[in-house]
Amino acid sequence: MLTGRRPERRSERGPGRRLLPRALLAFALVAFAGAGCARTAAEDDRPVPAVPGGTYSVALTEPDHLTPGRTTSSYALQVLQGVFDTPLALDPQDGHPVPLAASSLTSTDQQVWTMTLRQGAVFQNGEPVTAAGFAAAWDAAAYGPSGWDANSYFTQIAGYDDLNPPDGRLPTTRHLSGLQVLDDHTLRVTLKAPFSQFPMLLSFPAFAPLPQAAFTDPDGFDLHPVGNGPFQLDGPWRHNQRIDLKRAASYTGPRPPMADAVHFRIFTSKDTAFTELRAGHVDFVTSVPAARAYEAKRTFGRHYAVRPSGTMDYLGLPIWDPRYANPQLRRAISMAIDRPGITRAIYNEVFTPADSLVGATIPGHRAGACGETCEYRPTEARQLFQQAGGFTGTLALYFANSDPTYLQWMTAVANELRQNLGIRDVALRTMAAADLGPILNHHQATGPYRQNWVADYPSEQNYLAGLLGPGTRSGWSDPAFNALLAQGDAAATAEQSIAHYHQAEDLALQQLPLIPLWNWQDQTAWSGRVGNVQLDPYAAGLRLEQITVRH
């Protein structure tokens with residue numbers, strides 16, 4: 001059971017919470033910044049007074065949507081976690097779920113869950129937050145024909161299959177049969193099968209409630225979403241320019257904001273964003289380009305942080321294109337890529353070569369799970385490539401232009417595919433992240449693509465189901481893989497769960513619809529104007545409500 005009282009730090013094996021992970025080590029960063037922007041942050045470490053008020057700015061890449069459920073982009077999620085309260089949140093230190101919009105979540109069998117909402121909560125337009133608002137939001141995201149990006153996050157709920165017929169037929173209903181509104185403050189959720197990690201799932205922004213305006217004017221709402229969180233939009237989203245938030249006067253939840261306002265400044269390049277931070281024109285860069293790591297450490301000192309991350313980069317493969325149908329070809333591509341060389345030359349060894357589909361910080365991660373497939377073996381790669389029948393036509397590599405290192409490592413991969421496999425015609429397809437997402441989601445890419453994953457919660461299941469489960473952008477489906485995931489979800493103990501997830505990962509690595517590349521370490525830098533910096537290793541990112549401002 002999860003209640004309004006914050007649980008003590010203890011083993012997560014009690015009744016109703018059998019599979020929640022043990023504490024992860026030192027993920028949270030709490031830093032107190034000092035100095036005005038006229039001097040470098042490293043020159044002055046005076047703490048910023050912990051008093052309310054003031055405004056600060058955050059560098060951001062253009063999101064694709066601002067409606068929970070319509071996006072899984074980390075750029076959008078950074079904004080949404082300030083505007084919306086999800087039912088639960090993840091403690092940044094050890095990842096256990098704690099109440100947020102919900103006051104409690106209970107279950108006796110891990111399959112039927114009762115969610116009770118906090119009393120008196122309202123949306124920023126004054127509309128009450130009710131169980132029906134949660135149910136309507138989840139129905140909308142789970143309804144297949146809508147094409148909302150977070151659709152696959154709802155696969156566990158009974159009735160999901162009816163909203164996503166496998167043969168492409170229109171569903172005969174728009175509602176998840178597993179959702180039952182008992183009263184304004186109580187929602188009963190029935191899952192297809194026991195799933196002990198459901199509380200962690202409810203921290204993802206797609207599970208936030210939506211007011212009526214989200215359905216009466218969905219396009220208008222996407223430009224100016226109305227949430228139930230500590231901040232509200234101050235004017236509409238100005239595409240490719242800025243998103244402004246201000247303190248929500250109506251908010252009565254458990255995370256009142258310290259600052260009066262947050263200004264997101266949108267940049268097409270993270271390199272440009274870092275230059276603006278150095279010039280004092282922005283207060284936060286949450287993803288410092290790896291090539292500027294030494295510069296950031298020298299300039300910002302204690303206002304620069306590197307922390308282990310569950311974020312990973314992959315090379316996604318267009319399984320829908322018959323040229324990529326042979327797993328031997330896919331394995332040849334993987335073995336032709338020099339991961340140590342790329343992470344050393346481009347990422348200054350801040351990133352580390354991947355050896356698994358799962359982040360190295362996640363409980364259950366197995367070092368070397370990928371084996372030779374993720375090692376640089378150009379001779380074997382050429383042999384596999386020839387055995388697979390080679391490749392015809394243009395091999396196009398798709399990626400976003402939001403970070404200069406993406407072009408650098410994609411160029412390196414292109415050169416390695418030419419040199420090691422003999423593929424002469426390799427082309428780069430670079431575009432804005434907001435434009436790339438729809439191309440990948442609708443299976444319009446004709447070649448491998450950069451796939452990134454930010455851990456939503458500390459579980460192997462999050463990676464395997466989120467990247468390769470039913471309804472995901474990969475286009476890959478394997479009944480045995482899905483069955484192993486289901487067995488892991490329903491397992492009675494953590495050990496049994498992990499064993500099933502390991503088997504699922506092994507199967508996916510044999511088929512290789514997705515090639516692991518490297519594990520991130522997150523690099524963040526900030527100005528001396530701000531303090532109480534708290535960074536969440538999961539979807540929330542920078543905890544906007546915690547930041548204090550010198551004013």
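Asn 240 counts as exposed, because its relative accessibility is 51%. Here exposed means over 50% relative accessible area, buried means under 20%, and partly exposed is in between, using a 1.4 Å probe and protein chains only. Asn 240 sits in the loop between strand E9 (231-233) and strand E10 (242-247). Helices (H or I, at least four residues) and strands (E, at least two) are DSSP runs numbered from the N terminus. Asn 240 is not a glycine, yet it has a positive phi of about 60°. Most residues other than glycine have a negative phi. Asn 532 also has a positive phi, of about 50°, although it is not a glycine. Its place is the loop between strand E19 (530-531) and strand E20 (533-535), and Asn 532 is buried, with a relative accessible area of 14%.

Before going further, a word on the model: it is predicted, local features need pLDDT of at least 70, side-chain atom pairs count only at pLDDT 80 or more, and totals for chains, interfaces and linings use all residues. Residues are numbered from 1 along each chain as its sequence is written, and side-chain values use heavy atoms, with hydrogens and water left out.

**Rings that meet**

Rings of Phe, Tyr and Trp (its six-membered ring) pair if their centres lie within 6.5 Å; planes under 30 degrees apart count as stacked, over 60 as edge-to-face and the rest as tilted. By this rule there are 16 aromatic pairs. In one of them, the rings of Phe 351 and Trp 520 have centres 5.1 Å apart and planes at 20°, so this pair is stacked. It links distant parts of the chain, 169 residues apart: Phe 351 is in the loop between helix H10 (339-345) and strand E14 (352-353), and Trp 520 is in strand E18 (residues 514-526). Phe 351 is buried at 6% relative accessibility, and Trp 520 is buried at 11%.

Another pair joins Trp 409 and Trp 518, with ring centres 5.0 Å apart and planes at 90°, so it is edge-to-face. Trp 409 lies in helix H12 (residues 404-421) and Trp 518 in strand E18, so the pair ties together parts 109 residues apart in sequence. Trp 409 is buried at 0% relative accessibility, and Trp 518 is buried at 0% as well. Ring pairs link Tyr 347, Phe 351, Trp 409, Trp 518 and Trp 520 into a cluster.

A charge can also sit over a ring, which requires NZ of Lys or CZ of Arg within 6 Å of the ring centre and within 35 degrees of the ring normal. Here are two examples:

| Charged residue | Ring | Distance to ring centre |
|---|---|---|
| Arg 174 | Tyr 143 | 4.2 Å |
| Arg 450 | Tyr 406 | 3.9 Å |

**The nonpolar interior**

In soluble globular proteins, nonpolar side chains tend to be buried together. A nonpolar core is a set of buried Ala, Val, Leu, Ile, Met, Phe, Trp, Tyr and Cys residues joined through side-chain atoms within 4.5 Å. The largest one has 152 residues, of which Tyr 56, Trp 138, Phe 154, Ile 243, Leu 245, Ile 333 and Trp 409 touch the most other members. A second, separate core of 9 residues includes Ala 396, Tyr 398, Met 431 and Ile 439.

Contact means heavy atoms within 4.5 Å. Leaving out residues up to four places away in sequence, Tyr 449 touches several residues, among them Tyr 314, Trp 320, Tyr 398 and Leu 440. Tyr 449 belongs to strand E17 (residues 449-453) and is buried, with a relative accessible area of 1%. Leu 440 is in helix H13 (residues 433-441) and is likewise buried at 1% relative accessibility.

**Buried charges**

As for charge, Lys and Arg count as positive and Asp and Glu as negative, while His and the chain ends are not counted. Lys 270 is found in helix H7 (residues 270-278), and its contacts beyond four places in sequence include Tyr 75, Asp 403, Tyr 406 and Trp 520.

Asp 222, in helix H6 (residues 218-223), is buried without a salt bridge too, and its nearest side chain of opposite charge is Arg 70, 4.1 Å away.

Technical notes: A salt bridge is a side-chain nitrogen of Lys or Arg within 4 Å of a carboxyl oxygen of Asp or Glu.
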